[in-house]
Structure formats: C-alpha cells, structure tokens
Amino acid sequence: MTKRFVASYTVRGQIQNFNNSKFYVEILDNDQHWFDDRIDDLLGSAWTDDSGKFEVVFTDDLYRDNWLEGKPELFVVVRNESGAICYTTNTKSPSSPDDVENLIFDITIQKENSFVDSPYDAANVKRIAAFTRVGDSIDLTGNVRNSFGLLTQTLNAWLLYTNETKWNLIQYDGPQVERYPWRNSHIHKLKWND
Amino acid sequence: MTNTIFGIEEFEKRAEPYEVIQKDVIRDVDVCVIGSGAAGAILAEKFATAGKSVVLLEKGGYYDGESMNQRENDMISLLWKNSGANFTSNLKIAIAQGSCLGGSTVINDAVCFRIPELVIQQWNNLGVSISKEEWDHANDEVSTRINVTKVTEDELNENAKKLRKACSAIKVNGEPLTEHRVNDRNCGPSWTDPSLQSCVQCGFCHLGCHYDTKQSMLVTYIHDALQNSSDFTAYCNCDVNKLVHSNGVVTGVEGSFVDNAGNEKYRIRVNAKIVVVSAGAIASSNLLQKSGVANKNIGGGLALHPAPFVMGHFEEKIYGNRGIPMSYTCHQFGVTNNVRSGGFLIESIFLPIFQMALAIPTFGLDHARLMAEFNNYALAGIMVRDDSVGKIVKTFGDNPKVLYELTNDTINDMARGMALLARMWFEIGADYVVTSHNDVPELRGTWDIPKLEKTVRGNPDGLRVGSAHPQGGNRIGDDPEKAVVDSNCLVFGFKNLYVCDASVFPTALGVNPQLTVMALGVLTADKILANWPSDIAIPHSLGNTCDLSQTQNCSSDTLGEMFSVIEHKPELFEKLANSVSNTIIPGDNWRFDKNTLMISNNLYWKGFYGRNADITTTGLRAFGGFYKRFRELNSESFSGVTKPFNVPVFAKSLAKQKELAGHGKVIHLEYEDAPFNQAYDILKMVDENHILGKAFLGPFGRGQQLFDFSMSRTYPIDFMGEDDLATLFYNDEFSHTPTKDEMAGRWEGLLVSDSFVTPRSQIFDFDYDGNGEYQMHYSFSNLIQGYSEVSVNEDLFRFDDFTPFHDELRMVRPDFVVGKWVTNWSSVQSSRFSILELENLINSGASTIQVLDSIYKVFNLRIPRLPQEIGVSFLNVENHPQKGSRIGLSYILRKTN
C-alpha cells in the first residue's frame, strides 16, 4: 500500500495593535463550500510573542475532509487574552507549502476597528424596556380615567410633537444642532441670533 | 486600565477616555461610589484626588456634550431615568430624574440655591448635627468649582422678564411683592469649546448641554477625577443589584452591565473598604431594601416638591423656549422668605415642545389650538414645599414603588399659588391663562380664578403635576429609631456604608436641591477622609462573576472563549476520578462550609451551562442538568458515565488524553454505546475541581460543535441539587429546627432541583400579629398569596396551607434555611375507592366538597408510582427511614430583613 505523503504548512504572521496586547491566533480552513461539511477545520493555534509574531504548523490531513479538497482555504481568527474574538481575516489559498506569500498573515488591529454606533438608534428599545420595567411599580387599577388620559396624551405628544413638520407649522425653533453633531463640523451659534 | 470611563455602548469617539466592557469585572478598591450625580461625583472626585482608589458605578450611559443633540425623542431616552417613564404608583406625578453619567445635574435647569437658614435650623431640631458654618464652607467650595454666578440682565429671556414684570405689578393683600430676583446658576467656560465662556442660552437644559457650558458633574468633578487622580474608574450602564454585607460591614457590591433592552451582558463585583450609595432619592432606598439592610425607616419620608404650572397667553411673541429656561424666582411665599411650613416658590420655566405637549391638559382640537400658540406663552411653575409623606416600597420584582398622595396642606398651597400666578398673568395683560388642571385648562379672565382654586382643592387628582426633586427615603438624623443615616451619612449599624444624596433629607428642602446635595457630598467626603478607617479589611471576592474557579457564573460565549485560550493541565488528569461511593457521606465525599456556603461534592462532576438568559439556555439549565462520574481504569484512561438528572439515561464513556489540532492536549470523552457514540466531548481540566468542555456531534476532531459547558466539584448553595439540600436538611450537623423567633422576618425563597436553583419564586413573612399570634404570609411570584398555619416543636417547624402538602424548615444559618413542601406518597394503590363508588356518591346527591374530595382520591389512585430516578425537574420523591415516602419540592430561604 502506498503511503500518501503528508504535506506540512507553516503559517506565519504578525499582529500590530494600538496597545501591544498579546493575542491568541487560530488557523482555520474554510469549509463552507457545497462539497464541504460546513464545519471549518481548526488546524492549529498559538499565542503571539512579545513582538506580536506567531507561527503555526499544520499538516494537510487536518483539512482534507474529502477528495474534493485540494488547496487549503485559510483564515485567521484573532482572540484577545480572554478568548474573545477581535479580528477575523479574509481567506488565502496557498497552492503549496512553498507558497509563502499566501501563508503570511500580517494583521493590524486599529482601536477604531470596533465599529461605530449611534446612541439614538437604541432609543426605542430603551423606551420599551423602560415601560416594561414600570410593570409592577404602578397601580393601573386606580384612576383609570387619568391613566388612560395620560397614555393617550403621551402617544399624541410623541407622534405629533417630535416631528419636524409640526415644529415648522408652529414656528418652533427646534434644535440648534445637527442630529449627529459629531459627524458634521458645526459652529455653536443659535439660529435666532442670525 | 484606570482613569477611564467604561460602558456597554460603542461609539465613534467621546470627549473623555472611554472603553467598551468586554468581560466581567472584579475590582478591589478603597472606595466604591454608587451613583454619579450631585453627591456621588463629588465624593468620587475627592476620594480619588486624595489618593484613594475609586470606582464610580452609574446605571445610565456616558454621553458627552457632542452627543446631546437637543432632540427630545433622542435625549430623553438616553439621559432620563426610565426614559422618562418615572411615576408615583398612582400615576399622578411624573418624576424627572437623570440616569446618565453626571446624574440629574446633566438634565436640570442649573438653578443653584443654598440651603435656607430656616431649613438648617429645622434640620438641627430634627437631630441633624451640621452647622450653618459647615454648610457655608461646603457651599463656597462647590460654588467656586461649578462657577455659580447670578444670571445677568441680558441673560434674562422674555419668559423670565414676564414673570419679573408680573411680580412687580401684582399686589397681595394690598402689598407689593418684594422677594423676587434672578437666580444663581452653574454655567461657565466649556472645556470642549474654548470659545464658549458661559451659557449659550439655547434653552435645552433638560436635554443635556451640548456646549458643555452647564457645569454639571460630568464636565466638572468627573472630568477632574479623570484628569487629576491616579486610580479612578467610572463604570456606566451598571445596575447595582445588591450590597453584600454581614455583621455591619459591606463586603462587596454586585452589579450587572445591562444593554439597551435591560439584558445583563456582564457582571461586576467591587470589594471596597468604603461604600457610598448616592443613587438619588428612590433608587438609594430601593438598593438598601434589595440588599436587606434592616432599618424600618428606609423608604419612609419621601417628599417630591410637586409643581403644577400656569401659563399666560399674550398677543405678542415671547419665544419662551429661547434663552435660559429657569432664571427668575419669586420667593415671597417660600421658605427662603422664612415661611416655616409648606409654602411655594414661583419659578420661571419653559419646556421644549414635547414636554409642553405633555403638560397641557387637553385633547384633540383644543390641545392643537393651545399648542399652536407655543411662542406666545409665558410659563411659570409653582414649586411646593410638601410634607414628607411619601414612601418607597420594594416590589416582588425588586423595583421601587413610590407611594405618594398630596396632603391637604400641599393641595392648598398649590391652589393658592396657581390662583396667584393666574392673577399675575392677567395683571400684565394676558388674554387667557392655561393651567395644568384637566377640569379647568383655560381661564378667560380673573373671574375664572375662584373656579380654578375650588377645582384644585376639590379634585386634586385632575392636576398635571411634575416633580424634579424627589427627596427623602433614607433620613439623616442622630436617632437610629427615626433615621437611616447619622449626621455623617453613615448608615446606622454599619461601619463602612454611607448614603449621601437627596434621599437623606429629613424634610423637603423648599428650594431647588442640587447645590445642597453637592454641599452634603463635600461634607461627607471630608469627614470620611478625616477619619479614614484603618480597621476595615475587605477580603477579595469574585462574587457571582465569571472566573475559572466558578465557571457556573459564565455565559456560554465566555465558556467557549475561555476554552480556546486556556490550556488543559495534563498533570491533573489523574484526579479526574470521583468517589467510589455514590451516596453522600458528609465529611468524606461531601463537605459543606457554613461560612462561605460552599459545597464540595465528589460524587460527580456537576455540569453547568452558560448563565445566559435566553429561552434555550434557560431551558437547558432548568431541565437539562447533568453530571459525569469517572472511575480510574489505568493511568491513561478513565471510564465514565454521563447522566441527565431528570431521566434514567446513563451514557457510558471512556476518557483519554489526546492531542487535538488547535487545542493542544485535551481529554477526549468517547461515548461507547449507540446513539451516544455519534457524539463526543473534549474537556480541559483547569484545576482540580473545574473542567471546561465542548460537546460535538460527529467524528472526533471533525465534529459539529453543539454547546459549551463546564463542570465542577465545588459550587455555592445557589447551585445546589436536591441531594445536597436533603443532606443539609436531615443532618443535625448542618441544620437545626428553628424557633419562631429565629424565623421572624422576611425570607425570599428559591426552588431547588438537581438541574438548577430558580430565581426568587416566593416570599415568606413570619411575624406575630396584633394579638400575639404567630403567622406566616406567603407570596408566590406575586400571583398567589395567603396565610399558613405554623406549628413548632423541638423536632419540627411546620406550616400547613389549604393543599395536602405542608412545609418543613431547617435552619442552617440565621440567614439561610432549607425547606421542603411535601406530602406523603403512597406506593400502595388503595382499593378503597373506585370509579363505581364515585358514581354512587354523585347519584346520591353528595355535596360538592364530598364529590371533589372523592375525585381527588380517585385521581390519586390513577397516578402510577414513579421510580425515584424519574421526576419532573423540581418535583422529587424521597424515601426517608422515619418520614416514609414523600413527594414535593425543595427550596432554600434567604433572609432579607
């Protein structure tokens, strides 16, 4: 019986980040193709050294789930010291263990890589959460007329008077800054002083 | 990392150093301050700049000036407590409080009044030992820092000028008003925009100051602490759940970082020498109540400064929203003019449009008509110095419930004030007046004013009343029988717990309170620093945070993350085996530490899923609990069995150490028999008593991951099983039959199953009634309530309810009891009753109760006898040598007060 030659790949790289942390890297093979089992194979892992460099060696039998899998399709998952994932690279497909270019993953983790969020987008979620919390703190069976009146007026006020069209009708000055002030440079001057 | 603000939300950038929380937090510090408002921020800053390590916990988020976009729809949700949905329990009064870094000082109108001399005297008479000189010194210090200055003439907007004109024009009892003047307020140079040296006068104070000219705690003391100290950290989005304490010492503060929907994402445990609660009136009382601080005065004596309003409509445009909202006040009828009891201030104020729409008490077309005149109104509020008659109680859900009714005196003050203000508006030419009473929303002339007064007195429920100054609930004083804190704000009965905010006010202040609260913060901080305790040593504790030594507190994601980066310790493999005996032998394979309430159980490795609150994981925890037992075969392998607690399934396995790509050396748990052999586990032993694991489906090394789990041989009582409880219950070494007096008080109960311990499901109150009879009141999830009959002898503390079941209790510690709710379970099918006999009973015209009773007996016959191993989670069957066969529930009780 012919023994199949097992190829050994060496993945190298360096992680540069804004606060020189230590990272744990995992090398995986993408198995999301139609002929694959949809379970990415974990091929190896390592901690970065003091300069952020890492090296992981794996053999091709670890990723060959079936005969259709030729080249590995590698990607790197970077975890912080607690194990939380903080970066995932795109895939690279080295044609052979000598295809060094596709076996090097140099990664830069910016502080601003964590995405941006608008604080206002969550306003409705917060409102709903707040009203559900109110639940056992109020006695709805008390003055039903007042409670109902309060609810309807609140809805009315929210629907009509948080609306810029209505503000214009009333000639209400309204806010003096953009909705997303930090996105657009602006001067701190009131419109009615123009 | 210190000198940073931490929070849950992710933003582009923030003015101060800010990081996103990514895991549970454990801190050991000198001081933990809860609440970042008028007092909390000052306390935190003073401790930090004095060289103490400080953690500041804030329930709300961190939003800097640039985030404050002056839109009510956006900012009220971000900055106001409960997104503005903050009411008394009867919904009669809306309470405005801030919930953000900086607290209410971020959303208030920047009015600064010193505590009136009369109030200082009144408080002295009530046992508050703070002198005028002390108040003056503290007020001076704060006023300098937050740049308290008088509103200037050119800063008065048209709304304020209208009030001034009205005060000057009106006569009361033939005499002009003399006590009205511009306010002091805390506005000054912006640290983010050096071109701004004072208030921009935008009128959006309630929505936060975009320009950072309002000298709130955010841009003053918190900013100072971040800049000028060496170990100060602020944690936002942090809901403090409880203070952990024993024998008068707070040993820890436990909280949750919550997302926008209120779901817990991470936890925090702070171990601090000094803990200061400055969460504001209502929340501070609620925290003490939740934490079981035993003082009957907590929650009592709440005042609100209830404030109705009256608006005058004028032909000319006023544009009341333009300019400083609150800049002028009439003190004639208030405590600042030596009115000893009650009284009110008339304060200029204007509201942004949404709040105005809420305040005007009409509907439909009338409402639209009045709102269309928005720019033609002059508005002022009647801020009444009310009696401290309110009360804060804790609900079953641990929320604060504010019980408050207006007293006759307060209603009279409101009526007087509103009538006067209406007259004032008419006096200076208003063509009509709008009030905040549902039944009299408009006055067309002075002839309508008596109707207003009469209506306010006759139907105070019709008033739209707001409150921006809740005070009281943790009263300050020198008598522990009447107060909660002493004059140093130290909680009676504690060595290291302080409360310092408006909740300590023994009466309503009568003026806007922020400066007084700040001054109190200064006084309290100075006193604590001057008498810094040297005899308090707080042990490091992980609390209920996630850690390798207590993996049952970790979320599923965290278990997976930890698994990735933690190495298996091969040298521990030999310790995988459990005890040979599969019954509990106390002192041998099972131990209990009464001090730490920790169980060490080597019968098996108890399995734990993540702590996540989603339905799937909760279901797994509740009904899918399991254990694994191991026996050594040789030095390289162990035989094992995996068993779910609630079904008679025994999955045999073989455990061996193997290398696995990407994981290094792991323990491979290979299941032997079908169908379990389609799956496998990989385990990492992290220490002698803790294992991290992953379950897979498929061939070894290539399987599909199913879930993460952990296993432990030590766990706290909050994770105990039925056998653990039974051991505590039936063993005199661990528990005794309590006396009635020992049980007196309130206890919160949690049901115990092998799989898990529920959140609080019942509350029991044991006490003597007015006739000296001992009684027990129960409440199950706030749905079922009633009384049980208690009988106690030296062997048994028992109480019976209307069901065939009864409860038995055993006390482990004065604050911890184990209990059973049981009934006898017969294994013998009785043949004494049958369906035929039931038919005869019905045909003979037996009473309903007789028929129901017989149906019960028949039904009982029909239940097959279950083997002891099978049970719906929580329901267990026991065979006791003396007590016989019994079925029922097990639970633990923890004393709350």
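What share of the 194 residues in chain A is buried? In this predicted model, buried residues account for 40% of that chain.

## Chain A in outline

Chain A contains 3 helices and 7 strands. Read from the N terminus, the order of these elements is β-β-β-β-β-β-β-α-α-α.

Of the contacts in chain A with a separation of 6 or more, 56% are between residues 24 or more positions apart. The accessible surface of the chain is about 11,300 Å², and carbon and sulfur atoms contribute 52% of that area.

## A helix of chain B

Helix H3 of chain B covers residues 117-125. Its buried residues are B:Leu118, B:Val119, B:Ile120, B:Gln122 and B:Trp123. An α-helix has 3.6 residues a turn, so residues three or four places apart point the same way.

The partner of these buried residues is helix H4 (132-145) of chain B, against which they pack. After H3(B) comes B:Gly127, which has a positive phi, near 95°.

## Enclosed spaces

Rolling a probe the size of a water molecule over the atoms shows where empty space is left. In this model, the count is 3 cavities of 30 Å³ or more.

The largest cavity has a lining of 16 residues. Nearest to its centre are B:Cys199, B:Cys202, B:Cys205, B:Cys209 and B:Thr213. Sorted by class, the lining of the largest cavity consists of 10 nonpolar, 5 polar and 1 charged residues.

The second largest cavity is lined by B:Met68, B:Val106, B:Cys209, B:Asp212, B:Lys214, B:Ser216, B:Leu218 and B:Val219. By class, this lining comprises 5 nonpolar, 1 polar and 2 charged residues. B:Cys209 is named among the residues nearest the centre of the largest cavity and also lines the second largest cavity.

## The disulfide

How many disulfides are there over all chains? The count is 1. The bond connects B:Cys546 with B:Cys554, with an S to S distance of 2.0 Å. The link of B:Cys546 and B:Cys554 is right-handed, with 90° about the S-S bond.

## Cysteines without a bond

B:Cys32 takes part in no disulfide. With a relative accessibility of 0%, B:Cys32 counts as buried.

B:Cys202 and B:Cys209 are both among the residues that lie nearest the centre of the largest cavity.

Conventions
Residues are numbered from 1 along each chain as its sequence is written. Chains are lettered from A and ligands numbered from 1 in the order in which they are written. This is a predicted model: local features need pLDDT of at least 70, side-chain atom pairs count only at pLDDT 80 or more; totals for chains, interfaces and linings use all residues. Side-chain values use heavy atoms; hydrogens and water are left out. On a 1 Å grid over the protein atoms alone, a cavity is a set of points where a 1.4 Å probe fits but cannot get out, and a pocket is an open set with protein on both sides within 12 Å along at least five of seven lines; lining residues have an atom within 4 Å of a point. Grid points are joined across faces, edges and corners, and a volume is the space filled by probe spheres set on the points. Ala, Val, Leu, Ile, Met, Phe, Trp, Tyr, Cys and Pro count as nonpolar, Asp, Glu, Lys and Arg as charged, and the others, Gly among them, as polar. A disulfide is a pair of cysteine sulfur atoms within 2.5 Å. Buried means under 20% relative accessible area, exposed over 50%, partly exposed in between (1.4 Å probe, protein chains only). Helices (H or I, at least four residues) and strands (E, at least two) are DSSP runs, numbered from the N terminus. Contact means heavy atoms within 4.5 Å. Accessible areas come from the Shrake-Rupley method with a 1.4 Å probe; for residues, only the protein chains shown count as cover.
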